[in-house]
Number of protein chains: 2
Amino acid sequence: MAKDQKKQPRPKAETPKGFRDTFGADVTERKAMLDRIAGVYHSHGFDPLETSAVETVEALGKFLPDVDRPNAGVFAWQEEAVPGISGGGGGGSGDWLALRYDLTAPLARVAAQYRNDLPSPYRRFAMGPVWRNEKPGPGRFRQFYQCDADTVGSASVAADAEICAMLAEALEAVGIARGDYLVRINNRKVLNGVLEAADVSADQAEDVLRTIDKFDKVGRDGVLALLTTGRRDDSGAQIDGVGLSPDQAAPVLAFLTSKGADNAATLANLRAAVGGSDMGAEGVDELAQMAAMLAAMGVAEDRAVIDPSVVRGLGYYTGPVFEAELTFEILDDKGRKRQFGSVAGGGRYDGLVERFTGQKVPATGVSIGVDRLLAALRAKGLGGDAATGPVVVTVMDRDRMADYQAMAAELRAAGIRAEVYLGNPKNFGNQLKYADKRGAPVAIIQGADEAARGVVLLKNLPKGAMLAKNMSHDEWAQQPAQIEVAQERLAEMTQAMIRQISLSNSYIAKED
Amino acid sequence: MAKDQKKQPRPKAETPKGFRDTFGADVTERKAMLDRIAGVYHSHGFDPLETSAVETVEALGKFLPDVDRPNAGVFAWQEEAVPGISGGGGGGSGDWLALRYDLTAPLARVAAQYRNDLPSPYRRFAMGPVWRNEKPGPGRFRQFYQCDADTVGSASVAADAEICAMLAEALEAVGIARGDYLVRINNRKVLNGVLEAADVSADQAEDVLRTIDKFDKVGRDGVLALLTTGRRDDSGAQIDGVGLSPDQAAPVLAFLTSKGADNAATLANLRAAVGGSDMGAEGVDELAQMAAMLAAMGVAEDRAVIDPSVVRGLGYYTGPVFEAELTFEILDDKGRKRQFGSVAGGGRYDGLVERFTGQKVPATGVSIGVDRLLAALRAKGLGGDAATGPVVVTVMDRDRMADYQAMAAELRAAGIRAEVYLGNPKNFGNQLKYADKRGAPVAIIQGADEAARGVVLLKNLPKGAMLAKNMSHDEWAQQPAQIEVAQERLAEMTQAMIRQISLSNSYIAKED
């Protein structure tokens, strides 16, 4: 071929745009968090489900209407008609396949595909990556983790209450203290009842939903103006109103601001707001039932509470909606204090498997924002063990590699994470630099002289680093940076040094 | 549009061909196995790495030579030139992206991309799904787990010895008993030395490699024939030989059959087989060093041993190669006894990051076959806890849902997995059928009468099932299928019943 001589340029060693790698402690930290959440879900009878990353575009429901191409938001490709025969991916004439963009669409497919085999109701949790073919940006990635729990096939609000209780428990299980979070609960039926009572037309209902979604941003007066005649925004532009009369807008506002001192007061306010609407009464009853069930499960109002100002998701869900907020303050990018905000949300929805089977199946579920919750844990200093680096056994004499490996094995047998330096041992300084990079607490050193005398040197690396920086600290000064111990006490004394370092660290942390 | 009226047919609720879902205990089981392996890797100083599922085809090195289309074996698609602007995935004009087909190619990319930041040597482990665009078949899936550990940047055979020791430990950590596995070690340089000593030309070397790969299948005499003049196979067809003289073939056969009673004997045989070849002597020295290091780490020859009959991978790797075999017997599909066989393999390779940087970086690593090892654990009855179903609190009175949820919460607080039945409670038989499907050990029952008397009924579900099948068993017969207990002893007595069931189960298992 003519191209035979073409020299291949070196490939770029880069992740595709919008993708990232996760290293070491970050992997461990996320895994520990998800494991704790999984433990809570499992204890509530939820079973893990791991679907394949790849689905047919048909099952995902992601074909663009009336065309045979998938939605641009998913990563999709077309199979070869006969896979594995002709060359070249991505240009076949068979089925369109795509990476899942959330964990709910695969659940819908599974609930339909295995509907005769799964227990009903089916409680499942799922944790794993999803993919979005979107423009990446700061903090916006095209692959990220989701963590969902759903109950499929139960129409009872007991299922919703259970999920709210479980969400509170999951947050505590990962380390968020009681008082630092709140699960807030609302109900779409109450809003529907309010709209019915206020005689709002079906056409206007959509606009009302869009408007109350701005409650957090524009406040009570802003929403009142937008529901009625409109308002001028900060730039001076006129925003059209929905056109409700003041009498119609009043119950909507009463609904949004009906949060009382406790659930009982809130429920009384809501009963007033829904007037004579049956739908509204049903919604308030559901909230009352959920409140009673949460109390029975030992979840007090300081952990999960009825709050009609939760409007996010009201347009999507059909019954109860809920949101978990972290209530402690952090500093934002500009150094201003603000509440951390929402880390999870969910609610009741009905259309889950209808696309596949034609049958409406009631379902309710919650999704935890994995990256946001991890960020919250880090902001609270709950990111996990700082000193996870291994003890590094250095190599003074390359012919005695087996001895060094025996030492590392001895340390591991005592439960200490340990490794032998495996690079070129010629430059000892490089070995210590390596140990620092690994976050090693202790380096083990044994040259020919020490070996002959049956001793090893234990070097306290954080202390060494402090001394190198000419820092002085009472706590540090009391321990020498390097001690000599009898070889038979290697594991015991290394353990003691690690314990001392970890105590010093927490002492310093407290002083800061 | 003209197509507006077209009725969308219902989508098929199916995984794409070659993909599968993993449910409940199967997810838990695999996770428990991988967690134990990760624990061993971590204790040896290996850090977790989780790369993105998506890579550029360029970084994967999967463009077909001299064409601009990716290899058919990967799932690939072309990005929009400006992602997220125009509609339709999979037909763009930007970069080609693909799903990773193993965990080594992403490691190569990472080792090159972060070469200035990563510690060197860099020990990492990775566990996760990979994707192959291949024709699916029985037991052949297009998405499956891999579990790799590699050390990048160390030329020392200490790194190879460490990985062999770690592999033995990992197998024991997941439950494979000492004596039920063996890590077998060989070295490519020894073979190269043998070929040098036998004066085999570079052209013939490839053919020799292909031939000795058949050693397991055709045996000593078959290989001898194939190395020299050829042989007739079972169908009577003539297979050409490589054309070595008997004198040339002899050392190759000596190499393949040089396994002695212990490492010392094997090493002596190998020294004879490599004759005066420097390369061969180097290989034998490396094996001798590895043997010494393994012994120093407490890994005896019944766990990891030098075995020159390991030929799998000799063609690919550049130094030590190793393979972990399970040595216990299982029954195959046809009911015949056979050894379980290989569950992991690895070795030393050099070209890892060279494609990206032009520099050769030495590396060594191992990959555990996740599905095969899981199958082995199941074959050994080590698949994990059988009784993982939750206690099911049944609903006799739908108005008392909060009470039932309080009971479930009480059980969970005592460490018992528990849930309330959330389906339609009208038909009590359905509730018990549901509990059976969930694998529940115990059902909790409290009607109005029991509530008034302050008691609950605990139903032993496995026992109920035995009685229903008219089976009798001393152990079972001693316990009634249903007992009444005071409500304040709910958690305590449920715990006791679960313990009794688990004891009965292991009693029955022993009798089988």
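This is a predicted model: local features need pLDDT of at least 70, side-chain atom pairs count only at pLDDT 80 or more; totals for chains, interfaces and linings use all residues.
Residues are numbered from 1 along each chain as its sequence is written, chains are lettered from A in the order in which they are written, and side-chain values use heavy atoms, with hydrogens and water left out.

Let me take chain A by itself for a moment. Its assignment, and domain bounds here come from an automatic or database domain assignment, gives domain 1 (24-50 + 101-200 + 244-379), domain 2 (54-99) and domain 3 (391-511). Between domain 1 of chain A and domain 3 of chain A, the C-alpha centres are 49 Å apart.

Now to the interface. With contact taken as heavy atoms within 4.5 Å, 112 residues of chain A touch 112 residues of chain B. The two chains bury about 9,300 Å² between them, 53% of it on carbon and sulfur atoms; buried area is the accessible area (1.4 Å probe) that two parts lose on being put together, summed over both.

Across this interface there are 52 residue pairs in polar contact, both residues being at pLDDT 80 or more; the rule asks for a pair of N or O atoms within 3.5 Å, where within protein one must be able to donate a hydrogen and the other to accept it, and residues adjacent in sequence count only if both atoms are side-chain atoms. On the side of chain A that touches chain B, the largest share, eight residues, comes from helix α1 (residues 24-43) of chain A, helices (H or I, at least four residues) and strands (E, at least two) being DSSP runs numbered from the N terminus. That side divides into 51 nonpolar, 32 polar and 29 charged residues, where Ala, Val, Leu, Ile, Met, Phe, Trp, Tyr, Cys and Pro count as nonpolar, Asp, Glu, Lys and Arg as charged, and the others, Gly among them, as polar.

Which residues of chain B form salt bridges with Asp47(A)? Arg417(B) does, with the closest N and O atoms 2.8 Å apart, and so does Arg438(B), at 2.9 Å. The latter pair runs from the loop between α14 (428-437) and β17 (442-445) of chain B to strand β2 of chain A.

That strand brings me to the sheet. Strands pair if DSSP finds at least two bridges between them, and nine strands form an open, mixed sheet in the order β11(A)-β8(A)-β12(A)-β13(A)-β14(A)-β7(A)-β6(A)-β2(A)-β1(B). β11 (304-306) of chain A and β1 of chain B stand at the edges with a single partner strand each, so one side of each is left without a neighbour in the sheet. Two bridges join β2 (residues 47-50) of chain A to β1 (residues 22-23) of chain B in antiparallel fashion, with Leu49(A) opposite Phe23(B). β2(A) also runs parallel to β6 (residues 122-131) of chain A, again through two bridges, and there Asp47(A) has Arg124(A) as its bridge partner.

Finally, the backbone. The peptide bond joining Ser120(A) and Pro121(A) is cis, with omega about -5°, and Pro121(A) sits in the loop between α3 (104-113) and β6 of chain A. In chain B, the bond from Ser120(B) to Pro121(B) is cis as well, with omega near 0°.

Key: A salt bridge is a side-chain nitrogen of Lys or Arg within 4 Å of a carboxyl oxygen of Asp or Glu.
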